[in-house]
Amino acid sequence: MKRLWLPVAGAMLVGCSSGSGLAPLPTTPTVTVINPPASVRLGQTAVFNAQLFTPRGARGTNYLEIQVINPSGVLSNRITLNVTQVPGCAAGATQCTAPISFGPAALPLGIWNVTVTVFDQFNQPGGRQVAISVVP
């Protein structure tokens, strides 16, 4: 399994209530982050998965964007990937899983924000932000 490395200086649950039938699937992209770490030690790497849902199909280029903001609010890293750079994903796909590695190699300590955004064929975004504490 390939991992998306971030060097730094899911299933969709569709519920039904009594007598209502199935809920409709969303038409806009969504991201579900699976088991993100609450904290990671400086110099170590944590791996988590992002499940990417694009009901109207994954776009081929600029499909996935990952941004890392450090505790000072400064953009530390931004990676944009084409759909073929996400293991097992292809243009038009409605669901893919992206393994994401977060490994802060430099200070500052504190809360880092990782934002995962996915785009569909109509350029509609959907995303999720995760806060990860970097400790000594």
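These are my notebook entries on a predicted model of one protein.

**Ground rules.** I number residues from 1 along each chain as its sequence is written, and I leave out hydrogens and water, using heavy atoms for side-chain values. Since the model is predicted, local features need pLDDT of at least 70 and side-chain atom pairs count only at pLDDT 80 or more, while totals for chains, interfaces and linings use all residues.

**Entry 1: the elements.** I looked up the secondary structure and found zero helices and nine strands. From the N terminus on, the elements run β-β-β-β-β-β-β-β-β. I used DSSP runs here: a helix is H or I with at least four residues, a strand is E with at least two, and the numbering starts at the N terminus.

**Entry 2: cover and surface.** I looked up how much of the protein is buried. Buried residues make up 39% of the 136 residues. Buried means under 20% relative accessible area, exposed means over 50%, and partly exposed is in between, with a 1.4 Å probe and protein chains only. The protein exposes about 7200 Å², and carbon and sulfur atoms supply 53% of that area. The areas come from the Shrake-Rupley method with a 1.4 Å probe; for residues, only the protein chains shown count as cover.

**Entry 3: the sheet.** In what order do the strands of the open sheet lie? I read the order as β3-β9-β8-β5-β6, five strands with mixed pairing. Two strands pair if DSSP finds at least two bridges between them. The edge strands are β3 (39-41) and β6 (75-81), each of which pairs on one side only. The twist averages 25° from one strand to the next. For such angles, axes are lines fitted to C-alpha atoms (for helices over the stretch in contact), and the angles run from 0 to 180 degrees between N-to-C directions.

**Entry 4: strand β8.** I followed β8 (residues 110-119) and its partners. With β5 (residues 64-69) it pairs in the antiparallel sense over six bridges. In that pairing I found Ile-66 opposite Val-116 of β8. With β9 (residues 125-135), β8 also pairs in the antiparallel sense, over ten bridges. Here Ile-111 has Ser-133 in β9 as its bridge partner. β8 and β9 form a hairpin with five residues between them. In the turn, Asn-123 has a positive phi of about 65°. I noted that β8 is mostly covered, as seven of its ten residues are buried.

**Entry 5: aromatic rings.** How many aromatic pairs does a search of the whole structure find? The search gives one. The rings of Phe-102 and Trp-112 have their centres 6.1 Å apart and their planes at 65°, so I logged the pair as edge-to-face. The rule covers rings of Phe, Tyr and Trp (its six-membered ring) with centres within 6.5 Å; planes under 30 degrees apart are stacked, over 60 edge-to-face, and the rest tilted. Phe-102 is in strand β7 (residues 95-104) and Trp-112 in β8, ten residues apart. Phe-102 counts as buried because its relative accessibility is 0%. Trp-112 counts as buried too, at 2%.

**Entry 6: a salt bridge.** I searched the whole structure and found one salt bridge. A salt bridge is a side-chain nitrogen of Lys or Arg within 4 Å of a carboxyl oxygen of Asp or Glu. Arg-56 forms it with Asp-120, and the closest N and O atoms are 3.7 Å apart. Arg-56 lies in the loop between β4 and β5 and Asp-120 in the loop between β8 and β9, so the pair ties together parts that are 64 residues apart in sequence. Is Asp-120 buried or exposed? Asp-120 counts as buried, because its relative accessibility is 0%. Arg-56 is partly exposed, with a relative accessible area of 36%.

**Entry 7: positive phi.** Most residues other than glycine have a negative phi. Asn-35 has a phi near 50° and lies in the loop between β2 (30-34) and β3. At 66% relative accessibility, Asn-35 counts as exposed. Asn-62 has a phi of about 50° and lies in the loop between β4 and β5. Asn-62 is partly exposed, with a relative accessible area of 40%.
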